[in-house]
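Q: Please guide me through the reading of this structure, taking the features one at a time.

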Amino acid sequence: MTSPSQEEDDVEEWRVLYQETFGYRRPLFHPEHAVFQFQPDPKFPGHQRNNNRERREENDVDEEEDVEEWNPWKESYEQLSRGVHVMNSFEQFVGAADIQCFDHIDEAFLDENPEGHHEKLIFLHEGTHNVNHTIRIASDVQIIGASSSEDIAASVILTGRHATILEIQEGARSPYLGWITVKYEVDTEHEAEVALIMEVDAPPPPEPNSSGAVADNDDDDDLEKVNEIESDQTTNCAMVVTGRGVEPIIESCHFQSGNADHHTVVVKDHAAPKIKNSKFIGGSGGGIIITHQAAGYYDTCEFAQNLRSGIRVQFQANPDGLGHFQNCDIFSNAKFGVELTSPNANPTITECEIHHGELGGICVHEEATGQFLKNRVHNNAFLAVWICGGANPILRQNEIFDGRHGGILVHRYGKGLIEDNEIYGNAGVYFYDNGSGILEGNEINGNTLTGVQIRTGANPRILKNRIWNNDNGVLIHEGGQGCLEENTVFDNTTTNVFIQTEATPTVRKNKIFGSRETGILITDGGKGTIEDNEIFDNGQAGVMILSEATPVIQLNRVHGNRSAGIEVSSKGECVVHNMQLVGPKRHLSE
């Protein structure tokens, strides 16, 4: 049995060899393919001896038995020893002599493992590694950054400017990428040459005919095709993941791109990566685009400070196929934090922070769907959530607050299920231009202007919400429709429910109380049916009808309002429980 001093010397020798070879400050276990686990660092003499004693006790081994002491540094070294190393200068390498080293990552890919091991493991060492062409990964290779830095990924940089840096493609079922920065830099000289060629080759502008109109030009179609190719957002980026069955594991990486026309990372054509603890920050274009039936799992990532949307999902992409976006921090993007576009784009976004977007937090349009669950959407400059163009998402149990303008905007035939959210400190929920959908079970309070607004042909169902402490509770106007049913609308500053300008809602089975002014105000040609509500304790009339308004009011319980229960004036008229009251001013006493 070895003595404690011999054991400590042995541990120290393995620690030095391990750190000189790999650079890591802590032991790194690699028990199986694509699994890398940093271990706690033994911090004091005797610590490892205590661990070994615990291992003996767990395995019922006699302390006098001559067994090999467990050593995490040795264990890590042996588990990682089959890898090859890429470094800018061999002078920085002082590890074991039998380790294979290369000065370029291409050479490491070409090397054949002499022992025929089933995996390929490449350690990319500290420094900047330049590539002049796309590195195409079509096998289950594992590439991991190696550095003594506390932030390993920031100190290991794979970069280039002539083409996409990494492309993970068919044949690579489960490759691994970890603790590396992948950075695409724009080739400014090449961009200038392209711009000059386009300027020289551009056709002259068409001449107007005698009527002043510009004649059709068949060359326009060709120009559109060229522009379409030039604007392909899936080329010249940091990384592309593409192909059916391609499911790489990517963790603790940073992705950056200086290309303003393209996204930093592209996932497409049925690919389904598992990405965690990674950053997509500061891209001159968008952060990540998921397209053409791609899928994937994105956990605890940052999408921030990109000059387009942080996340864009389109063309039948469905990141819920193998998971979803979860626990991500999505902030300070110049367009939207999350943008879904095109039919059947259907991700799940859950438990994320989506904030400080310069245009908005979430945009769902062009018939996209998707589920947004338990997110915090806040401090966005224009709109927290924007639903339009026939989109039909689910928003459930989100906290939507402190936006500089609208909380949720549903328009242009947008719809969706908006359920059990907290919506406060914004400008409320807006439905207009034929927007619809279901707004159910939400807490809507403390919004400037209006809690819920419906206009211009919008026709949503507003069910079982609590709408309180806004300027107006619910405003329906300019031909708005909708059904308000079983809501509690109370303590709003001016009017709890305001109906005007040809609006025709159905207001049924609500509790409407505590407004500083009117419970329900119908004016300027407002219509609709007000039935089976309880309307009470409002600062002025329970129901006030003005200016050619013609609602039907029936089966309501109206009581405890400070002035009239129902007041009709200024050419207003209504049907009250099968009785018509006509005149300049009428009161129905309670």
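Q: Which residues is Thr264 in contact with, leaving aside its neighbours within four places in sequence?

A: Contact means heavy atoms within 4.5 Å. With those neighbours left aside, Thr264 is in contact with Cys237, Ala238, Met239, Phe255, Gln256, Ser257, Gly283, Gly286, Gly287 and Asn306. This is a predicted model, in which local features need pLDDT of at least 70, side-chain atom pairs count only at pLDDT 80 or more, and totals for chains, interfaces and linings use all residues. Residues are numbered from 1 along each chain as its sequence is written, and side-chain values use heavy atoms, with hydrogens and water left out.

Q: Where is the place of Thr264?

A: Helices (H or I, at least four residues) and strands (E, at least two) are DSSP runs, numbered from the N terminus. Thr264 has its place in the loop between β15 (254-257) and β16 (265-268).

Q: Why does Thr264 count as buried?

A: Buried means under 20% relative accessible area, exposed over 50%, and partly exposed in between (1.4 Å probe, protein chains only). Thr264 counts as buried because its relative accessibility is 1%. Of the 590 residues of the protein, 50% count as buried.

Q: Which residues touch the most other members of the largest nonpolar core?

A: A nonpolar core is a set of buried Ala, Val, Leu, Ile, Met, Phe, Trp, Tyr and Cys residues joined through side-chain atoms within 4.5 Å. The largest one has 116 residues, of which Leu177, Phe255, Ile408 and Val452 touch the most other members. Apart from it lies another core, of nine residues, including Phe336 and Trp386.

Q: How many salt bridges does a search of the whole structure find?

A: Side chains of opposite charge can pair when their charged atoms come close. A salt bridge is a side-chain nitrogen of Lys or Arg within 4 Å of a carboxyl oxygen of Asp or Glu. The search finds 16. In one of them, Glu339 pairs with Lys335, with the closest N and O atoms 3.5 Å apart. Glu339 is buried, at 3% relative accessibility, whereas Lys335 is partly exposed, at 30%. Arg312, Lys335 and Glu339 are linked in a network of salt bridges.

Q: Which parts does the salt bridge between Lys527 and Glu502 tie together?

A: The closest N and O atoms of Lys527 and Glu502 are 3.3 Å apart. Lys527 lies in the loop between β49 (518-523) and β50 (529-531) and Glu502 in the loop between β46 (495-500) and β47 (506-508), so the pair ties together parts that are 25 residues apart in sequence.
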